[in-house]
Amino acid sequence: MAEANIAAAGAAPLPARERPPANIVGPVAWARTNLFSTWWSTAITLVLLYLILRAGWGFISWGLIHAVWTVPQGANGPDTSSCRAAIGIGACWAAIGEKYRFMLFGFYPFSQQWRPAIVVLLFVGLFLISANRRFWRKELALIWIVTMIVIGVLMWGGILGLPHVAQDQWGGLPITLILATFGLALAFPLSVFVALGRRSTKLPAVKMLCVAYVELIRGVPLISLLFMASVMFPLFLPEGMDIDKLLRAQVAIILFAGAYLAEVVRAGLQALPKGQGEAADALGLSYWKKTFLIILPQALRLVIPPLVNTFIGFFKDTSLVLIIGIFDLLKSGITAIADPNWQGFGNEMYVTLAIIYFVFCFAMSKYSRGLERELDRARRR
Amino acid sequence: MSTAMDMAQGATHAPDASAPPAIVLDKVNKWYGSMHVLRDVSMTVAEKERVVVCGPSGSGKSTMIRCINRLETHQEGRIVVDGTELTDDLRSLDTIRREVGMVFQSFNLFPHLTILENCTLAPIWVRKMPKAEAEELAMYYLGRVKIPEQAKKYPGQLSGGQQQRVAIARALCMKPKIMLFDEPTSALDPEMIKEVLDTMVTLAESGMTMVCVTHEMGFARQVADRVVFMDRGEVVESGPPTRMFEDPQTDRLKLFLSQILRGH
C-alpha cells in the first residue's frame with residue numbers, strides 16, 4: 001500500500017539509514033534485553049536455566065547413556081535381567097525393539113504385516129500429495145478414491161491371492177490413520193455444509209436441523225458417542241444385521257468432528273465482511289458460485305489455525321476408541337507390553353508412542369503455518 | 001467548471017424519453033422492524049439518464065439504490081428494472097443482476113483474486129464467456145479506467161482510488177445497461193476522489209444509464225441530468241442540478257445545501 005502511494009506520487013523512496021547499531025540487534029543484545037535486563041530477571045533466568053539443564057541431562061542419562069539397547073535371547077524367550085537391573089536408571093529400548101511390530105500392527109497376522117506397512121506408507125504418500133497446492137485439482141479426488149480401494153484390498157485381502165484378514169484382527173498405526181484420515185476427510189466437508197446451513201436465512205428448517213445437530217453432538221462426550229455406536233446402536237438394527245465395529249466408531253468420529261469443525265468454519269464465515277457476499281450478488285453469481293468462489297476461499301483461509309488445531313485434537317482423540325476394544329496405536333502399544341517378559345517397561349513404550357503421535361501432529365502444524373504464509377504472500381493485505 | 005458543464009451538456013447522449021424507462025420505482029415502502037426507511041418512494045429513470053441522489057445520512061438513499069438490484073427487498077410498491085419487475089422469482093433476479101452493475105462505498109473487491117481475476121470472474125461464471133475472451137474484455141475495461149498495468153496484482157496492493165476504479169471496471173465487464181453507485185467516493189482519501197470521479201464522468205459521457213448516491217455536488221452539476229433529494233425516507237424534491245442548487249424549493253433542501261456547502 002505504502003509502496004503504491006509513493007510510486008503514485010512520483011517521489012523517490014527515502015534512503016534507509018545505515019545498519020542499526022549492534023547494541024540493538026544480534027543475539028547478545030537480544031539476551032540482554034530479554035533475559036538479563038534486571039537483577040530479578042537475571043535470577044529467574046539462571047534458576048530456569050539450571051532446571052532445564054538438570055531435566056535435560058536426566059533425560060539424556062536415562063534415555064541414552066544408561067539405556068539398554070539389546071538383550072540376549074534365552075531358552076524361554078528374551079532374557080530381560082539386564083533391563084530389570086537398569087530400571088530407574090536407564091531406559092530399556094530393547095523392549096521396543098522386541099515389540100514394535102505388535103505396537104504398529106496389533107494382532108494382524110505376523111507374516112502378513114507387510115500389508116499394513118504398505119498401507120501406512122500409502123497414507124503418508126497421500127498426505128504429501130494432498131498437501132501440495134500444485135495437486136489441488138479434480139484428479140486429486142480420483143487419487144484418493146484409488147488409494148482408498150488399494151488400502152481396503154491390502155487390509156482385508158481375500159482377493160489377488162492375499163489371505164483374508166478379518167477386521168477385528170487389524171490394529172496399530174493403520175487403525176489410527178484410517179480413523180483420523182477418513183474421520184477428518186469426511187467431517188470437514190460435512191462441517192462446511194452444516195456451517196452454511198446454520199447461517200441460512202432463507203431455509204429455517206435446514207438452519208434448525210444444523211443447530212440441533214451441532215448442539216446435540218457437542219453436548220455429549222466423544223466417549224459416550226463411541227459407546228453408543230458400539231453398544232446401543234446394534235440394538236436398533238434388525239436381527240442378523242451387523243455393521244462393522246470399526247465403521248461404527250468411524251461414523252461416530254465423523255459426526256463428532258463435524259460438529260466441532262462446523263463451528264470453526266462458521267466463525268470464518270462470520271468474520272468475512274458482508275460486502276463480499278453483496279458484491280458477488282450484485283455481479284449475478286448464484287448462491288453456490290458465490291459460496292465456492294468468493295466466500296469459502298476467504299473464510300477457510302481465515303480459520304486455518306483453529307481448523308488445524310481441531311484436526312490435531314481429533315488425530316489424538318482417535319485413541320479413545322480403545323475403550324470399545326478397537327486396537328489403535330495406543331491400545332496396541334499398551335497391549336504389547338502386557339507380555340509378562342516385558343511388564344514394567346511402560347515408560348519406554350509411552351515415550352515411543354508419544355514420538356509417533358508428535359511426528360504426525362507436528363507435521364500438520366508445520367504445514368498449516370507454511371500454508372498460511374503462502375496464502376498470505378499471494379494476498380498481502 | 002463552465003467548460004466541463006458545456007461539455008456535458010453538449011454530449012450527444014441525452015436521456016431518451018421515448019424509450020421505455022430503465023428503472024421505475026412506484027410507491028416503494030420499506031421497514032426495518034418498525035422503522036419506516038422508505039416512504040412511498042416513486043421515481044423513474046429514463047434510458048441513458050444520469051441521476052444523482054443526495055440527502056443527509058439516514059435519509060434512505062443507500063437503501064433505495066440497493067433495492068434496485070435487490071440487495072435489499074422492499075415490502076410495498078413496485079420496482080421495474082429494464083422491463084422486469086423485481087419479485088422473489090430467482091430467474092427475474094438473475095436477469096436484473098446481469099443488467100445492473102453496482103459500485104460500493106467500500107469497493108468490495110475480492111481480496112483473494114488478482115485484479116484481472118476480479119474482472120473476469122462474473123463474465124466467465126455468469127455469462128459463460130471463454131476465459132481468453134473474458135480476459136481481453138477485462139483488459140479493455142482496465143484500460144478505460146487507466147490501470148491495465150495492475151492486472152496481475154492483488155487488491156490489497158492498490159490504493160483506495162485504484163481499487164475503486166477496478167471495482168468500476170469489474171462491474172462494466174458484465175456489460176450492464178445500468179450502473180448503480182453507492183457513495184463511491186465516501187471511503188476515499190481526498191486526493192483520490194478526483195481520479196474516481198473522472199472515471200465516472202467518462203462513463204457518463206459514454207451514455208451509460210447511471211444512478212449515483214453521492215455528496216459530490218461538483219459531480220452532480222457536471223454530469224447529472226437530474227438530482228433527487230431524499231430526506232427521512234422520502235423523495236423531497238427533484239429537478240435539474242442547476243435549478244436544485246440555485247433555486248431550492250423546500251426548506252429541507254435549503255438546509256441540506258447550506259450544511260453541505262459549509263462542510264466544503
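A residue is called buried here when its relative accessible area is under 20%, exposed when over 50%, and partly exposed in between (1.4 Å probe, protein chains only). By that scale, both A:Glu278 and B:Arg66 are buried. The structure is a predicted model, in which local features need pLDDT of at least 70 and side-chain atom pairs count only at pLDDT 80 or more, while totals for chains, interfaces and linings use all residues. Residues are numbered from 1 along each chain as its sequence is written, chains are lettered from A and ligands numbered from 1 in the order in which they are written, and side-chain values use heavy atoms, leaving out hydrogens and water.

We may start with the overall form of chain A. Chain A holds 16 helices and two strands, these being DSSP runs (helices H or I, at least four residues; strands E, at least two) numbered from the N terminus. Its radius of gyration is 27 Å, whereas a compact globule of 381 residues would come near 21 Å; the radius is taken over C-alpha atoms, and the globule rule is 2.2 Å times the number of residues to the power 0.38. The C-alpha trace of chain A spans about 90 × 70 × 40 Å along its principal axes. Of the 381 residues in chain A, 41% count as buried. Among contacts (heavy atoms within 4.5 Å) in chain A with a separation of 6 or more, 72% join residues 24 or more positions apart.

Next comes the nonpolar interior. A nonpolar core is a set of buried Ala, Val, Leu, Ile, Met, Phe, Trp, Tyr and Cys residues joined through side-chain atoms within 4.5 Å. The largest one has 121 residues, of which A:Ile294, B:Leu25 and B:Met64 touch the most other members. Helix H11 of chain A (residues 245-271) gives this core its largest share, 13 residues. A separate second core of 52 residues includes B:Val103, B:Ile115, B:Ala169 and B:Met208. Leaving aside residues up to four places away in sequence, B:Met64 touches B:Leu25, B:Leu38, B:Val41, B:Met43, B:Val53 and B:Met230.

Charged pairs complete the picture. The whole structure contains 24 salt bridges over all chains, each a side-chain nitrogen of Lys or Arg within 4 Å of a carboxyl oxygen of Asp or Glu. One of them joins A:Arg218 and A:Glu263 (3.9 Å, N to O). Since A:Arg218 lies in helix H9 (residues 204-218) and A:Glu263 in helix H11 of chain A, this pair ties together parts 45 residues apart in sequence. A:Arg218 is partly exposed at 32% relative accessibility, while A:Glu263 is buried at 16%.

B:Asp225 is partly exposed at 22% relative accessible area, whereas B:Arg50 is buried at 6%. Back in chain A, salt bridges with shared partners join A:Arg198, A:Glu215, A:Arg218, A:Glu263 and A:Arg266 into one network.
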